[in-house]
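This report walks through a structure, residue by residue and element by element. Please keep the sequence and the model in view while reading.

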Amino acid sequence: MTHAVAAARRLAALALILALPALAASSGPAAAATPAKTVTVAIKTFAFTARVITVAPGTTVVWTNEDEDPHTVTAADRSFHSAALDTGGKFSFTFTKAGDFGYFCSLHPHMTGRVIVKAN
Amino acid sequence: MTDHADESLSRRGLLTHCAGWAGAGALYTLTGGIASSISLDAALAAPPRRGASKPFTFLQISDTHIGFDKAANPDTRGTAIAAVEKIKALPDKPDIILHTGDITHLSTEEQFDDARQILSGLGAPVFYVPGEHDFLDEGQGRAYLARYGAGTLGTGWHSFDHLGVHFIALNNVANLKAGGMAHLGEEQLAWLKRDLAGLSASTPIVVFAHIPLWTVYEAWGWGTDDSGAALALLRRFGSVTVLNGHIHQILQKVEGNVSFHSARSTAYPQPAPGAAPSPGPLKVPSEQLPMMLGIRTARFVRGNEPIALIDQSLA
Ligand SMILES: [Cu+2]
């Protein structure tokens, strides 16, 4: 019985945590009017710079390859992927939903990065 | 037999004495799992060895990167042609040629066509494995397989025999996973197991693949994460020679009866493992470039004789 009570408490706490971002998002109608943002990520010396970025929903991320070697931007779950980007090549993707998106270079899979999308 | 034993013993003594890299090339010999090297000059000066039957020569060319035109080598077409000319001028004609991948730089139709034209007329059949640069098209290898996929399985793996030596071509550049290294995959490993099943342990084996099948440098992805499964299948054979490209430099390693050798590129050098912030193309003064590019010949003599590898630069 105490076990069930503890579980119910945990559930309630979880519901509160989940509700918080939703409240924050809905309380600011001005946020919806803000023009879509663009964030850039450089691909250089075989690394995504910055490796981890946190952006708001609706942000467009633009990757630019500054290396002499080609690279790709490929979601770990393949939900988005670029063609091979030669030197100076760009790829952009707009993140509409909140989430944690791991990606890598399918040519050099030790190159990994993350885009964390969350409302703030 | 005693002749062979004496010969290899005395040669081993010599090899131990002279081990190390020297001059424009190096000769590798593999006897009883011990690989050593002597200078190319010494190797060429050595008297011809007796063999039970006619020996043959095969050749390895790698990482032509047709289409690359950056500072590290603005003329990869020219250096590939220089390599072809070098091969054509060899006094000992190779029976077969192995291309260990990165034929092109960006997998475009033009680059594949150009590479085919440059590599035609070598005077021997060329067997290919793809590098990751050959699997860059939207079809993830469709362009490569349209040209080189005939008679192969899966993403291009295959095997063939030549004068008693079993050659195995593996693809470790397809369907790579985030955070990992090169990858062979379950389907290819299952095929390899079937391919080797009927062979006696005395069959000499030559495996060729693009990315090293041993971990050269994990931080740069220079290895194959499931190569252990392949090596487990190869361990029962008395002589296994594994040839690769990808890292654009000569490196070797021996593990029991298996010896691993990575070859030079004909396009541009890359830094030694960990010697630079990234594995990108290494820019050297243009007069030094030909010394860092090259081809490799391999000489097989039937019996207990080792396969001897001779690396020659384009200088
Ligand atoms: Cu890459």
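## A buried threonine in chain B

B:T104 is buried, its relative accessible area being 0%; buried means under 20% relative accessible area, exposed over 50% and partly exposed in between, with a 1.4 Å probe and protein chains only. In this predicted model, B:T104 sits in the loop between β4 (96-99) and α4 (109-119) of chain B. Helices (H or I, at least four residues) and strands (E, at least two) are DSSP runs, numbered from the N terminus.

Not counting residues up to four places away in sequence, B:T104 touches B:H65, B:I66, B:Q111, B:F112, B:H133 and B:D134, where a contact means heavy atoms within 4.5 Å. One of these residues, B:H133, has its backbone oxygen 3.4 Å from a polar atom of the B:T104 side chain. The C-alpha atoms of B:T104 and B:R116 are separated by 9.9 Å, with the two residues 12 apart along the chain.

## Basis of the model

Residues are numbered from 1 along each chain as its sequence is written, while chains are lettered from A and ligands numbered from 1 in the order in which they are written. The model is predicted, so local features need pLDDT of at least 70 and side-chain atom pairs count only at pLDDT 80 or more, whereas totals for chains, interfaces and linings use all residues; side-chain values use heavy atoms, with hydrogens and water left out.

The model scores ipTM 0.78 and pTM 0.81. For chain B the mean pLDDT is 86, and 82% of its residues reach 70 or more; pLDDT is the predictor's confidence in each residue, from 0 to 100. Residues 1-53 of chain B have pLDDT below 50, and this stretch has 85 contacts in the model beyond near neighbours in sequence. For chain A the mean pLDDT is 81, and 71% of its residues reach 70 or more.

## Two buried histidines in chain B

B:H248 lies in the loop between β9 and β10 of chain B and counts as buried at 2% relative accessibility. Its side chain makes a polar contact of 3.0 Å with the side chain of B:D63 and one of 3.2 Å with the side chain of B:H65. A polar contact is a pair of N or O atoms within 3.5 Å; within protein, one must be able to donate a hydrogen and the other to accept it, and residues adjacent in sequence count only if both atoms are side-chain atoms. Leaving aside neighbours within four places in sequence, the residues in contact with B:H248 include B:A263, B:R264, B:S265 and B:Y268.

B:H261 belongs to strand β11 of chain B and is buried, with a relative accessible area of 0%. The side chains of B:H261 and B:S259 make a polar contact at 3.2 Å.

## The buried side of helix α7 in chain B

In helix α7 (residues 227-234) of chain B, the buried residues are B:S227, B:A230, B:L231 and B:L234. They cover an arc of only 95° around the axis and therefore lie on the same side of α7(B); the arc is that of the directions from the helix axis to the C-beta atoms. Among the elements covering these residues are α6 (186-197), β8 (205-209) and β11 (258-262) of chain B.

## Fold of chain A

Chain A has two helices and eight strands, in the pattern α-α-β-β-β-β-β-β-β-β along the sequence. Of its 120 residues, 35% count as buried.

Four strands of chain A form an open sheet of mixed pairing, in the order β3-β8-β7-β5; two strands pair if DSSP finds at least two bridges between them. β3 (52-55) and β5 of chain A stand at the edges with a single partner strand each, so one side of each has no neighbour in the sheet. β7(A) and β8(A) pair in the antiparallel sense over six bridges, and A:G102 stands opposite A:R114 in β8(A).

## The copper site

The protein donors of the copper ion are A:H71 (ND1), A:C105 (SG) and A:H108 (ND1), at 1.8 to 2.2 Å from it. Donors are N, O and S atoms within 2.8 Å of the metal (3.2 Å for Na, K and Ca); water is not among the atoms, so sites may look incomplete. Along the chain, the donors follow the spacing H-x33-C-x2-H. A:H71, in the loop between β4 (59-65) and β5 (74-75) of chain A, and A:H108, in the loop between β7 (99-104) and β8 (112-117) of chain A, are 37 residues apart and link distant parts of the chain. Both A:H71 and A:H108 are buried.
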